Every structure is written in structure tokens, then in C-alpha cells.
Amino acid sequence: MPPHERAAHPGQPHRRRHGFRPGRLVMGLTGLGIAALYAGDATRAWDTPWYAGLPVLCAGLVLAGAAGWIGHRARRRRADRAASSDSSGAPASTSGSHAIR
């Protein structure tokens with residue numbers, strides 16, 4: 001079994017090492033779109049001017065930046081909610097002493 005398919009600990013469910021990055025997805029799709037645009041020109045399926053990739057690239061960068069920012073805000077908001085609801089434990093010491101027992 002390849003290392004990326006193995007569970008971190010035996011008996012534990014598989015967890016992804018990296019989170020979902022929507023900005024990278026949008027940039028990848030933009031790159032594939034530009035490649036398809038020029039591949040069609042290379043096979044003479046259509047005629048593409050040399051500068052046609054620039055607006056597509058600029059629009060892809062803007063959309064990837066927006067998607068990345070929204071994804072970052074969503075992850076941060078989810079982490080903040082999890083941290084604020086984690087108040088189930090009692091304080092370490094209720095006697096006012098800061099000594100570790």
C-alpha cells in the first residue's frame with residue numbers, strides 16, 4: 001500500500017495530511033484551460049491569438065485569490081468556533097494557588 005493511503009495509526013481512519021485549498025484548485029483549472037486553449041491552436045482546431053492567454057490568466061489569478069481568501073476565512077472561523085466551545089474542563093486549581101500538583 002502506498003504511503004499516502006496508509007492510516008497514520010493502525011486502527012485509525014485515514015486522515016488527509018493537507019486541507020482543501022480552493023485557490024490552488026482554481027489556479028490549476030486556469031492553467032489547464034490555458035493549456036487547452038493553446039493545444040487547440042497547435043492542432044489547428046481553432047486560431048488563438050498569442051495574447052489570448054493573458055486575460056484568462058489574470059482572471060484566474062483574481063478568482064484564485066478570492067477563493068483562497070474565502071477558504072482561509074472559513075477555516076479560521078471553524079477553528080475559532082471549535083476553540084470557543086472547548087470550555088468543558090475545570091480550571092487546574094480552584095484554590096487560587098498557581099502551584100502545580
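**Exercise 1.** Classify Trp50 and Tyr51 by relative accessibility, each as buried, partly exposed or exposed.

*Solution.* Buried means under 20% relative accessible area, exposed over 50%, and partly exposed in between (1.4 Å probe, protein chains only). Trp50 has 69% relative accessibility and therefore counts as exposed. Tyr51, at 47%, counts as partly exposed. The model is predicted: local features need pLDDT of at least 70, side-chain atom pairs count only at pLDDT 80 or more, and totals for chains, interfaces and linings use all residues. Residues are numbered from 1 along each chain as its sequence is written, and side-chain values use heavy atoms, with hydrogens and water left out.

**Exercise 2.** Determine how the rings of Trp50 and Tyr51 are arranged.

*Solution.* Rings of Phe, Tyr and Trp (its six-membered ring) pair if their centres lie within 6.5 Å; planes under 30 degrees apart are stacked, over 60 edge-to-face, and the rest tilted. The count by this rule is one aromatic pair. The centres of the Trp50 and Tyr51 rings are 5.6 Å apart and the planes stand at 90 degrees, so the pair is edge-to-face.

**Exercise 3.** Identify the buried residues of H2 and their packing partner.

*Solution.* The buried residues are Gly53, Gly60, Ala64, Ala67 and Gly71. These buried residues of H2 pack against H1, where contact means heavy atoms within 4.5 Å.

Notes:
Helices (H or I, at least four residues) and strands (E, at least two) are DSSP runs, numbered from the N terminus.
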